[in-house]
Amino acid sequence: MLSEVNLVISFVAFVGSCCCPSTCFYIRNTMNPDLQRERETACFNPELITNLLDGSTERTRRRREVEALALNDPELAHEDLNFLSRSERYEVALRKSALLFQKLKEHGISDPDEIYQFKRSVHLGRPEPLDLHLGMFVPTLLSQATPDQLDRFFTPAWNLQFIGTYAQTEIGHGTHIRALETTATYDPSTQEFVLNSPTVTSIKWWPGGLGKTSNHAIVLAQLYTQGQCRGLHAFIVPIRELGTHKPLPGIEVGDIGPKFGYDEVDNGFLKMDNVRIPRDNMLMKFAQVEPDGTYVKPPSDKLTYGTMVFIRSMIVGDSAQMLSKACTIAVRYSAVRHQSELRIGEPEPQILDYQTQQYKLFPLLATAYAFHFVGQYMKQTYLRITGDINLGDFSELPELHAQSAGLKAFTTWIATAGIEECRMACGGHGYSRSSGLPDIYVTFTPTCTYEGENTVMMLQTARFLVKSYSQASSGQRVAGMVSYLNDYSSRQIQPHPVAARPTVVDINDLSSLVEAYKLRAARLVEAAAKNLQAELQRRKNKDDAWNNTSVDLVRASDAHCHYVVVKLFSAKLSEVTDTAVHSILSTLALMYALHGISKNTGDFLQAGVLTEPQITQVNQRVKELLAVIRPEAVALVDAFDFKDQNLNSVLGRYDGNVYETMFEWAKKSPLNKTQVHESYYKYLKPLQSKL
């Protein structure tokens, strides 16, 4: 083990010569002794978990190879963005984005996963102006364009001749996309669509890359043909002239201004006034408008939203990625930082030895692992169901839509709060941008509102759950992750009053805990459905009834998603063959499940799943698990395998040399370019001379 550590030290020293200035001003060819000891005493091989997270040993090898191509390329030198203006950050990001496409071709990288890995290393996990081009414009072409349209648009898009964005959100409407006001009216005399922004509230607002970068946009607009509105459809709209990049006639476009974060991205606005595009610029893989204006319906109205479902599915994996980064920084720093006294007269302990610090971080560490496995599941499920759709099978599309919406909301809410918890767990130094944590937070927190505001997403999931419950109650069998409603509606799962219920839940058995979460979810779905029915009987108005039951419906969706995460984490353990790895991941899974119970005790008591004495046992067991995880914590975050450059954190450095690096980083502040700032002579000195 020691020889492995020495190899890593040598590697870190080598990489330090070319890594991000914000983390590597001061390279010392030594490992912090606390971190070295933590790694030497771990009871499992982190590399095996890294392979599990990547999918295989070969995928780990290839990912590292792809990352190294970016991290070791001098043309992609990683500037410290903390000391740059917004305009400078945008320019740096755009320069790298242009280089990224050249490098992808040079290195022959075409696999979607490898493109993502390379891109993440080029931009150090930060947003960039071409995010929506790669993440939404190109995928929408691939999923919704006809073969002829792909021939016209895909190659120019891949070569960056056409630079695209995805213009859906308007200044007046976001998640409620059915209410979008942009219109596309078909003119059969010219076989063109005429696009308009008829109101101030219809101006497209927020699309990344729209402000200054894109020359095309996929615009979602209400389709009008033969005097009828046919709902939302997607249209490819040129917005800037090729060659000059100036806005085309009828187009008013620009940047929406500074935001909470995302300084590198030119989120923009788009106003259209009688903008004409050819008929075949409407994406027509599923719905069509014929030359005479005849409308041909798609097999499912949800197909228009395919790109959103894709992005929501991917966001689940991003939740794991960003929470893992925050946990890595906080756990490593907590192993390096010594503070206060546990025992009077003894040396200051590592703050990771405090139970309260463990209670802050270890449930989040378990959550990060849980979300990794859920992210893998969502990606696989999306690809499988998309394959079925291409074969004409749309049967699982409703559940995919509901699952992606609910898990997107569930994971982003928890990850956002968890990132902030990690920042606060690092004390005052966590507030410094050198820690990397403020950037992680402001970069990730928009996921709670983009691609569907989270509360609305939970209500969309609830609509599917209520429908599934109604079907199960009427004797129909429901499949997939809601199949537990079959048992509950037929009372094969029977909650009993707490006093009468035998103790059947073993709090140390994961399969038993999965059943407990299943019963909690079923109970809350049933309660929400019955409350909705009661409201309908009282009010007769469906919309009012839904609104007056919405708190219950969100709780039901949350419980369903929580059950899915616990179930998938538990199921993943069956794939682990190494005994030591299986042991520590089982401990994390148990921590995740029990900590969730401790935070939602009322649900489990009310559903008759657990007794009060069992809740006391759960709380005690969580504290015991903290002690089990403690000696493995550093190795567990090492298994996430973040390079220092990608982590971009003084506090989370692999070698643990925190304080020296922080001091050198601070000295690079532009305010330190002179010993006396010019403002002293302008304001303070004249004032002092009058005193």
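**Close-up views of a predicted model**

View 1. Strand E7 pairs with strand E8 (residues 268-272) in the antiparallel sense, over five bridges. This is a predicted model. The open sheet has three strands, in the order E4-E8-E7, and the pairing is antiparallel. Strand E4 (204-205) and strand E7 (251-255) stand at the edges. Each has a single partner strand, so one side of each is left without a neighbour in the sheet.

**View 2. Strand E5 and its partners.** Is strand E5 (residues 216-225) largely enclosed or left open by the rest of the structure? Nine of its ten residues are buried, so E5 is largely enclosed. Start with strand E1 (residues 164-167). Four bridges join E1 to E5, and the two run parallel. Here Tyr-166 stands opposite Ile-218 of E5. Next comes strand E2 (residues 183-187), which also pairs with E5 in the parallel sense, over three bridges. Look for Thr-183, whose bridge partner in E5 is Gln-222. In a regular strand, side chains alternate between the two faces of the sheet.

View 3. Strand E6 (residues 228-238) pairs with E5 in the antiparallel sense. Nine bridges join this pair. Val-219 stands opposite Phe-235 in E6. Two residues lie between the strands of the hairpin. Which residue takes a positive phi in this hairpin? Gln-226 does, with a value near 50°.

**View 4. The largest nonpolar core.** This core has 128 residues. Those with the most contacts inside it include Ile-49, Tyr-369, Leu-585 and Leu-636. Helix H10 (residues 355-390) gives the core its largest share, 15 residues. Now focus on Ile-49. Beyond its neighbours within four places in sequence, Ile-49 is in contact with Phe-44, Tyr-369, Val-581, Ile-584, Leu-585, Leu-636 and Ala-639. Another core, of 24 residues, lies apart from the largest one. Among its members are Ala-184, Phe-193, Ile-239 and Leu-270.

**View 5. Two crossing helices.** The axes of helix H13 (residues 454-473) and helix H17 (residues 550-572) come within 8 Å. They cross at roughly 80°. Angles of 65 to 115 degrees count as roughly perpendicular, so H13 is roughly perpendicular to H17. From H13, the contact involves residues including Met-458, Leu-459, Ala-462 and Leu-465. From H17, Leu-553, Val-554, Ala-556 and His-560 are among those taking part.

**View 6. Gly-55 in its loop.** Gly-55 sits in the loop between helix H3 (46-54) and helix H4 (57-71). Its relative accessible area is 47%. How far apart are Gly-55 and Pro-670? They are 615 residues apart in sequence and 44 Å apart in space, C-alpha to C-alpha.

**View 7. Confidence along the chain.** The mean pLDDT of the protein chain is 91. In all, 93% of its residues reach 70 or more. Over residues 1-28 the pLDDT is below 50. That stretch has 56 contacts in the model beyond near neighbours in sequence. Residues 492-503 also have a pLDDT below 50, with 22 such contacts. Where pLDDT is low, the predicted coordinates should not be read in detail.

Key:
Residues numbered from 1 in each chain as written. Heavy atoms only, no water. Pairing = 2+ DSSP bridges. Core = buried A, V, L, I, M, F, W, Y, C linked by side-chain atoms within 4.5 Å. Buried < 20%, exposed > 50% of the residue type's maximum accessible area, 1.4 Å probe, protein only. Contact = heavy atoms within 4.5 Å. pLDDT = per-residue confidence, 0-100. Axes fitted to C-alpha atoms, helices over the stretch in contact; angles between N-to-C directions. Parallel < 35°, antiparallel > 145°, perpendicular 65-115°, else oblique.
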